Amino acid sequence: MFAVATVGIGIGMTLAMIRALLGPTLYDRVLALNTLGTKTVLLIAVLGFLAGRPEFLDLALVYALINFIGTIAVLKYFEVGDLGKASEIGGGRS
Amino acid sequence: MVWDVLSWLSILGGLFFILVGGIGVLRFPDVYTRLHAAGMTDTMGAGLVLVGLSIQSGLSFQSGEWLITVRLLMIWAFLLFTSPIATHALARAALHGKVEPIRVDVGGGDA
């Protein structure tokens, strides 16, 4: 039954990957990769249960953190054009 | 036995939401509408799958399985915090990057 969950999540990942490859704008690709990362977290958790090795859950937690930070970093880079200046992204945009 | 059925129902519901979210991400016409499908995957899909897995792992203190449940709930809480932040940042970046939302005339004439 865990195998069914694995296959279902794999199909969802494939759909998100198709959108990431097709996506007309950059933001479509970032959105698809963010969704793909969430599904990867779920896939790692289910695979940990499937293999009987619940240590995989730590990997899933770390992957969720890295996915979030990566998405925010890419979005900030393409919004501001710079990763260094933290003051520009706050208020005061024209 | 009852808990097994509950956990499988929850996991299957999560899979349903994941598949529907994937189809929505593939078929919606716009970034801003695709955000909706992606958010559904992040909240309901991930939440139901993780709740089903934590029902599977149980809460027994002797064999240390409660730690697995705590980790699953930590992943769930973390996704619950980060998914709206990422969605908001993506929508704002797309709007800042001059991506126009599509506009559909709904019925009536004067808008």
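How many helices and strands are there in chain A? There are three helices and zero strands, where helices (H or I, at least four residues) and strands (E, at least two) are DSSP runs numbered from the N terminus. Along the sequence, that gives chain A the pattern α-α-α.

This is a predicted model, in which local features need pLDDT of at least 70 and side-chain atom pairs count only at pLDDT 80 or more, while totals for chains, interfaces and linings use all residues. Residues are numbered from 1 along each chain as its sequence is written, and chains are lettered from A and ligands numbered from 1 in the order in which they are written.

**Confidence**

- The model scores ipTM 0.85 and pTM 0.85.
- Chain A averages a pLDDT (the predictor's confidence in each residue, from 0 to 100) of 85, and 87% of the residues score at least 70.
- For chain B the average pLDDT is 86, with 95% of the residues scoring at least 70.
- Among the parts of chain A, helix 1 comes out highest at 92, and helix 3 is lowest with a mean of 89.

**Chain A as a whole**

- Of the 94 residues in chain A, 37% are buried. Buried here is 20 or more other C-beta atoms within 10 Å of a residue's own, exposed is 12 or fewer, and partly exposed is in between, with C-beta atoms placed from the backbone.
- Take the contacts in chain A with a separation of 6 or more: residues 24 or more positions apart account for 39% of them. Two residues are in contact if their C-beta atoms, placed from the backbone, lie within 7 Å.

- Met1(A) sits in the segment before helix 1 (2–22) of chain A.
- Met1(A) counts as partly exposed because it has 14 C-beta neighbours inside 10 Å.
- Though 49 residues apart in sequence, Met1(A) and Leu50(A) are 8.7 Å apart in space, C-alpha to C-alpha.

**Helix 1 of chain A**

- Helix 1 of chain A has 21 residues and reaches 30 Å from first C-alpha to last, close to the 30 Å expected at 1.5 Å a residue; the expected span is 1.5 Å times one less than the number of residues.
- Its buried residues are Ala5(A), Gly8(A), Ile9(A), Gly12(A), Met13(A), Leu15(A), Ala16(A) and Arg19(A). They cover an arc of only 155° around the axis, so they are on the same side of helix 1 of chain A; that arc is taken from the directions from the helix axis to the C-beta atoms.
- The face turned away from the buried side carries the exposed residues Ala3(A), Val7(A), Gly10(A), Leu21(A) and Leu22(A).
- What covers the buried residues includes helix 2 (26–50) of chain A, plus helix 1 (2–27) and helix 2 (31–57) of chain B.
- Ile9(A), in helix 1 of chain A, counts as buried because it has 26 C-beta neighbours inside 10 Å.
- Leaving aside neighbours within four places in sequence, Ile9(A) is in contact with Lys39(A), Leu42(A), Leu43(A), Val46(A) and Ile18(B).

**Helix 2 of chain A**

- Helix 2 of chain A is mostly covered, with 19 of its 25 residues buried.
- The end C-alpha atoms of helix 2 of chain A are 35 Å apart, which agrees with the 36 Å its 25 residues should span at 1.5 Å a residue.
- Next comes Gly52(A), which follows helix 2 of chain A and has a positive phi, near 70°.

**Where the chains meet**

- The contact takes 37 residues from chain A and 37 residues from chain B.
- On chain B's side, helix 1, helix 2 and helix 3 (65–96) are the elements that give two or more residues. Helix 3 of chain B gives the most, with 14 residues.
- The residues on that side of chain B divide into 27 nonpolar, seven polar and three charged. Here Ala, Val, Leu, Ile, Met, Phe, Trp, Tyr, Cys and Pro count as nonpolar, Asp, Glu, Lys and Arg as charged, and the others, Gly among them, as polar.

**The largest nonpolar core**

- A nonpolar core is a set of buried Ala, Val, Leu, Ile, Met, Phe, Trp, Tyr and Cys residues joined through C-beta atoms within 7 Å. The largest has 47 residues, and Ala45(A), Ile75(B) and Leu90(B) touch the most other members.
- Helix 2 of chain A gives the most to this core, with 12 residues.
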